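Please look at the sequence and the structure before reading on.

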Amino acid sequence: MHNYLDFEKPISDLEGKIIELKKLADEDESIDTSEEINRLESRVNDAMQDIYSKLNAWQKTQVARHPQRPHFVDYAKALFTEFTPLAGDRKFSEDAAIQARPSARFNGQPVAIIGQEKGNDTKSRLKHNFGSPRPEGYRKAIRVLELADRFSLPVVTLIDTAGAYPGVGAEERGQAEAIARSTEMCLNVKVPIVSVVIGEGGSGGAIAIATGNRVYMLEHAIYSVISPEGAASILWRDSTRAKEAATNMKITSEDLKSLGVIDGIIPEPMGGAHRDPAAVIGATGDVIAKALADLSQRSGTQLRAERRQKFLDIGRNL
């Protein structure tokens with residue numbers, strides 16, 4: 001069963017009827033419900049195409065946060081092999097919100113991978129702090145970036161966070177400094193960096209590992225300087241105006257592609273990535289492979305210079 005979003009009620013009603021008809025047919029083999037099921041499935045497809053062809057920014061935010069959406073661990077398991085996880089920042093502790101692997105293979109090619117993991121049930125969400133990294137996570141990412149630079153390993157980063165953890169302890173241990181150092185390291189390394197926003201790309205917590213030579217977004221992902229709820233609280237002191245904030249902030253993949261913030265959009269299956277995780281993970285792998293092949297033709301000095309210029313140019317031609 002899917003977890004339906006509030007705007008998916010027409011789809012949930014139809015799919016509920018399909019489930020009832022299939023159950024009825026299983027209980028009594030003399031009843032043939034196939035024709036009615038086919039008719040309802042056709043209506044489901046029509047409803048899904050109609051709804052998902054005109055999603056607004058707030059609805060896309062809901063899809064990006066869908067609890068069944070594939071996370072970093074799903075991409076890592078499907079796309080990479082022979083990976084060795086790295087734990088700890090050698091300063092304070094381990095942070096499970098950021099998963100970092102300095103040694104992995106992507107289509108047989110050695111790479112380093114960094115990503116944010118939210119978890120998929122209560123236990124794992126608590127373990128991964130709901131995908132909101134503490135300073136230790138960013139310092140762990142810096143360790144991996146340093147190793148990648150030393151051993152000339154391309155870096156793949158997968159972004160999915162509402163933002164860095166804003167707790168008192170994180171601030172006391174230098175959250176802002178850790179984010180800045182991670183962003184700086186992304187800009188300085190002389191190896192290719194390919195970044196993909198697979199869900200939420202929230203604030204500095206996202207940019208700290210998303211400062212890549214190529215930056216992509218899934219079709220229904222979002223990428224913003226602050227969450228819509230946070231923006232609404234600051235602008236209007238009313239978090240219930242998050243829908244209005246989302247629209248004004250231009251946080252969708254289409255908006256950011258038109259503004260030159262990202263390099264490309266990876267299409268999602270109809271109904272969102274959670275409807276067909278294997279398809280969207282495969283499409284993401286194809287985009288990463290193409291980007292790495294293109295970037296491999298450049299020297300380290302060229303990669304660093306182009307990456308820095310890419311971010312300096314954002315907003316200049318609007």
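Is the crossing in which helix 4 passes helix 13 right-handed or left-handed? The model in which this is examined is predicted. In it, helix 4 passes helix 13 in a right-handed crossing. Helix 4 covers residues 72-79 and helix 13 covers residues 277-295; their axes come within 10 Å and cross at roughly 65 degrees. That angle makes helix 4 roughly perpendicular to helix 13, because angles of 65 to 115 degrees count as roughly perpendicular.

On the side of helix 4, the residues that meet helix 13 are D74, Y75, A78 and L79. Their counterparts in helix 13 are V280, I281, T284 and G285. By type, the residues of this contact divide into five nonpolar, two polar and one charged.

**Helix 3 and its surroundings**

Helix 3 runs over residues 57-64, and eight of its eight residues are buried, so this helix is largely enclosed by the rest of the structure. The buried residues include W58, K60 and V63. They pack against several elements, namely helix 2, strand 5, strand 7, helix 10, helix 11 and helix 12. At the N-terminal end, helix 3 is capped by N56, with a side-chain oxygen of N56 lying 3.1 Å from the backbone nitrogen of W58.

**Two buried residues**

H220 lies in the loop between strand 6 and strand 7. The side chain of H220 makes a polar contact of 2.9 Å with the side chain of K60, and K60 is one of the buried residues of helix 3. Leaving out residues up to four places away in sequence, H220 also touches Y52, L55, V63, A64, R69, E268 and G272.

V44 is found in helix 2, which spans residues 34-52. D26 is 18 residues from V44 along the chain, and the C-alpha atoms of the two are separated by 21 Å.

The table gives the relative accessibility of both residues.

| Residue | Relative accessibility | Class |
|---|---|---|
| V44 | 5% | buried |
| H220 | 2% | buried |

Why do V44 and H220 count as buried? Buried means under 20% relative accessible area, and the values are 5% for V44 and 2% for H220.

Conventions. Residues numbered from 1 in each chain as written. Predicted model: local features only at pLDDT ≥ 70, side-chain atom pairs only at ≥ 80, totals over all residues. Heavy atoms only, no water. Helix = DSSP H or I, 4+ residues; strand = E, 2+ residues; numbered from the N terminus. Buried < 20%, exposed > 50% of the residue type's maximum accessible area, 1.4 Å probe, protein only. Contact = heavy atoms within 4.5 Å. Polar contact = N/O pair within 3.5 Å; in protein donor to acceptor, adjacent residues only side chain to side chain. Axes fitted to C-alpha atoms, helices over the stretch in contact; angles between N-to-C directions. Parallel < 35°, antiparallel > 145°, perpendicular 65-115°, else oblique. Left-handed = near helix turned anticlockwise from the far one by under 90°. Nonpolar A, V, L, I, M, F, W, Y, C, P; charged D, E, K, R; others polar.
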